[in-house]
Amino acid sequence: TGAYTRCVLGPSVEEEAAQRWIARAQDLARALDNGTLRQKVLAIGEAIHDLGVVSARQLSVALLRQGEQQRVTLGEMMVTEGLLSRADLRTALGHKMGYPLVDLRHFEFDPAALRFVPLDTAFECNALPLLLRRHHLVVAVDNLARVAQLGGLPSTDGLKIVPVLARRHHIEAALVRAYHEFGARVWNEPQRAWKLTAPMAA
């Protein structure tokens, strides 16, 4: 009988897509300084593919089906069919408008940026402050609608909130890590740590 002696798996769809995401703070800072943080407007299919939630083949099949229906947008059809979550669709729509994607799994953010967004607000908005640079506060969000709420904080008065995008579950994981590791040191309020187990806002 035959038996496998070795199995080599290639990168996942998400890992392949991550090659197109910003993964280093210096790259993000350089893009901000050069005024090139916003990218070109994308087709919605390309924006969805960049998220790493569907393969190129799945996207091609979905585009064919959507072309036959026409009355339903590609994103809505993929949500209905379970290929795409509603949260990922919101992120893809933001990416379609030219906002870049950041890989929070490997990103080394600036702990000092945390002081400008209180923990409670960060969890409510699912927003992670990444970088403070020349009166610009770069914040990773999965939903661009949250930016106005962040800009209304007393702590961000005088700062321009610059949004970048990340997948929702990446932000959730990074928030716990960031505020757990650095929050107490930034605010000197270790008693806030219990709130790290609070449920995320919808």
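Visitor: Before anything else, what are helices and strands here?
Guide: They are DSSP runs, numbered from the N terminus: helices are H or I with at least four residues, strands are E with at least two. This chain has nine helices and three strands.

Visitor: Where does the model come from, and how are residues numbered?
Guide: This is a predicted model, in which local features need pLDDT of at least 70 and side-chain atom pairs count only at pLDDT 80 or more, while totals for chains, interfaces and linings use all residues. Residues are numbered from 1 along each chain as its sequence is written, and side-chain values use heavy atoms, with hydrogens and water left out.

Visitor: Okay, what pattern does the chain follow along the sequence?
Guide: Reading along, you get α-α-α-α-α-α-α-β-β-α-β-α.

Visitor: Which strands run antiparallel?
Guide: β1 and β2 do, joined by six bridges. One partner pair there is Leu 131 with Val 138 in β2. β2 and β3 pair in the parallel sense, also over six bridges, and His 136 has Lys 160 in β3 as its bridge partner.

Visitor: Is β3 enclosed or exposed?
Guide: Five of the six residues of β3 are buried, so it is largely enclosed by the rest of the structure. Buried means under 20% relative accessible area, exposed over 50%, and partly exposed in between, with a 1.4 Å probe and protein chains only. Across the chain, buried residues make up 45% of the 202 residues.

Visitor: Let's switch to the core. Which residues have the most contacts inside the largest one?
Guide: Leu 28, Leu 104, Phe 107, Leu 128, Leu 130 and Tyr 179, in a nonpolar core of 63 residues. Such a core is a set of buried Ala, Val, Leu, Ile, Met, Phe, Trp, Tyr and Cys residues joined through side-chain atoms within 4.5 Å. Helix α9 (residues 168-187) gives the most to this core, with six residues.

Visitor: What is Leu 104 in contact with?
Guide: Leaving aside neighbours within four places in sequence, Leu 104 is in contact with residues including Leu 128, Leu 130, Ala 140 and Ile 171. Contact means heavy atoms within 4.5 Å.

Visitor: What about α3, how many of its residues are buried?
Guide: Six of the eight residues of helix α3 (residues 44-51) are buried. Those are Ile 44, Gly 45, Ala 47, Ile 48, Asp 50 and Leu 51. Their cover includes α1 (13-17), α4 (56-69), α5 (74-80) and α6. Just after α3, Gly 52 takes a positive phi of about 85°.

Visitor: Which residues have a positive phi without being a glycine?
Guide: Asn 126, at about 50°, and His 135, at about 65°, are among them. Most residues other than glycine have a negative phi.

Visitor: So where do those two sit?
Guide: Asn 126 lies in the loop between α7 (119-125) and β1 and is buried, with a relative accessible area of 1%. His 135 is in the loop between β1 (127-133) and β2 (136-141) and is exposed, at 60%.

Visitor: What does His 135 touch?
Guide: Not counting residues up to four places away in sequence, His 135 touches Gly 158, Leu 159 and Lys 160.

Visitor: Last topic: how much space lies in the largest pocket?
Guide: About 160 Å³. On a 1 Å grid over the protein atoms alone, a pocket is an open set of points where a 1.4 Å probe fits, with protein on both sides within 12 Å along at least five of seven lines; lining residues have an atom within 4 Å of a point. Grid points are joined across faces, edges and corners, and the volume is the space filled by probe spheres set on the points.

Visitor: Which element gives the largest share of the lining?
Guide: β3, with four residues. The lining includes Leu 32, Tyr 99, His 136 and Lys 160.

How values were computed: Two strands pair if DSSP finds at least two bridges between them.
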